[in-house]
Amino acid sequence: MTRSFPEDFLFGAATAAYQIEGAAFEDGRTASIWDAFARVPGAVISGDTGDVACDHYHRYREDVALMKRLGLQSYRFSTSWSRVRPDGGAVNAKGVDFYSRLVDELLEAGILPWLTLYHWDMPQALEEKGGWTSRDTVERFVEYAATMHEALGDRVTHWTTFNEPWCSSFLSYTAGAHAPGRQSVRDGLLASHHLLLAHGRAVQELRGRGAEHVGITLNLTNAEPVDPSDAADLDAARRIDGQFNRWFLDPVFHATYPGDIVEDIRLVDEAAVEDLRCAVRDGDLATISTPIDFLGVNYYHGEYVSGRPSPIPVPGGDAPTDRHIASPFPSHEGIHWHERGYERTNMGWEIDPAGLTRLLERVSAEYAHDVPLYVTENGAAGDDHLADGRIDDAQRVAFVHDHVAAVRDALDHGVDVRGYFYWSLLDNYEWAWGYARRFGIVHVDYATQERTVKESGLEYARIIAARAVDGEAADAAPGDVEPEGLLASS
């Protein structure tokens, strides 16, 4: 059975500046927190950096041409704060001009530019002044947002303030797994508040300048108990849901932090909670909950948790680096992940397309209400190998089909979801994993920068061309039908 999508439904793909651009210190760009973190011994597998990455800074025209061949309707990209306002200071005209040229190239190709202001690459100079634990960083971010709108607001209509603030706060300032690598409950809490405050302030700034569509992207999950009748399992699921989902959804939509989670964290670190209380000033939560025009939902996998340890080892997603990594969850004692027999990706993440449908339904019913949703990231890392000019990534072919179908299910259930962006367009720098993991529907040979569309890219191109998913597509031989010209390397 073929299931069609609405005419205005957007199919796109996403990337992030530090992961693909390269040109790390060209044309006035200065170090970001990821440039600094990647040089910390043991922080990133093989000591990989984003200095070159996919060289998109020099190859953006061929990459946009590739997007057009795939049929992408929209491209979600991020701008580099360190390129646009190096060290958080004065505007760098050459950095702004790069994004202006990129936007013009996209529009000429008939592709909607979808701009994300922050995908984790704060200028290192601002981190040295406190980073996201400092309220002053909020002001610097609003200046940066204004700069981007002044330059591109005549052509860019869709603006995302932040990508995955959970990662930019708890994974980065509490766990230390990502830049800047701090390991502090207090710092994670303060970072989360200032990120959200900067979001609210930026929404107000952009809307005041006439921006048409402004929102935020949150990475969200389904936290599910192993035994729904067991109090400890239910509590484990509640705490994961609260620290991962509700910590960001509640302030954005309800102007409050989840009280149960605040009390959970108080039991762990009362001083950290008191510092957060002092940081939340009158009017902050009202600013954070400034109405948005859309919510971006990033979904990769669910959480299957219990109050009891698992009898068998359960794969995790942390990069096996030499640095000690703490838990990103301030209240994590007594929470244990379990196996439920699902197929897993090369990241060790379980594959659960139906979980995407459940998540979209839950977010729509409990939070978004009249705010449209977009799946702004969804993807799978695979053990990809180029052979005879092809990459047969059968697991990802099924992943793409089945998750697009899961979005179609959500539409059938009445959820106002208006677009799907695959992560990622290109294989790229996967943060602490360096170049050891590949998420792209396009293979990148990092030595030659040659691009080759994978079988999953062909599958996605077919879905976009048909504006539909077919019930048999996930099991079909992906090489049977190829959009003209897509297999040619570039």
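Reader: How are helix 10 and helix 14 placed, that is, within what distance do their axes come and at what angle do they cross?

Author: This is a predicted model, in which local features need pLDDT of at least 70 and side-chain atom pairs count only at pLDDT 80 or more, while totals for chains, interfaces and linings use all residues. Residues are numbered from 1 along each chain as its sequence is written, and side-chain values use heavy atoms, with hydrogens and water left out. An axis is a line fitted to C-alpha atoms, for helices over the stretch in contact, and angles run from 0 to 180 degrees between N-to-C directions; helices (H or I, at least four residues) and strands (E, at least two) are DSSP runs numbered from the N terminus. Here the axes of helix 10 (residues 231-254) and helix 14 (residues 353-368) come within 11 Å and cross at roughly 40°. Helix 10 is therefore oblique to helix 14, given that angles under 35 degrees count as roughly parallel, over 145 as roughly antiparallel, 65 to 115 as roughly perpendicular and the rest as oblique.

Reader: Which residues make the contact?

Author: Contact means heavy atoms within 4.5 Å. Helix 10 contributes D241, N245, R246, L249, D250, F253 and H254, and helix 14 contributes R362, E366, Y367 and A368.

Reader: In what order do the strands close into a barrel?

Author: Strands of a sheet pair through backbone hydrogen bonds, either parallel or antiparallel. Two strands count as paired if DSSP finds at least two bridges between them. In this model 8 strands close into a barrel in the order 2-3-4-5-6-8-11-14, with parallel pairing, and neighbouring strands are turned by 25° against each other on average, direction ignored. Strand 5 (residues 158-163) and strand 6 (residues 213-219), for instance, pair in the parallel sense over 4 bridges, and T160 has G215 in strand 6 as its bridge partner. Helix 14 lies across strand 8 (294-298), strand 11 (373-377) and strand 14 (417-423), running at about 135° to strand 11.
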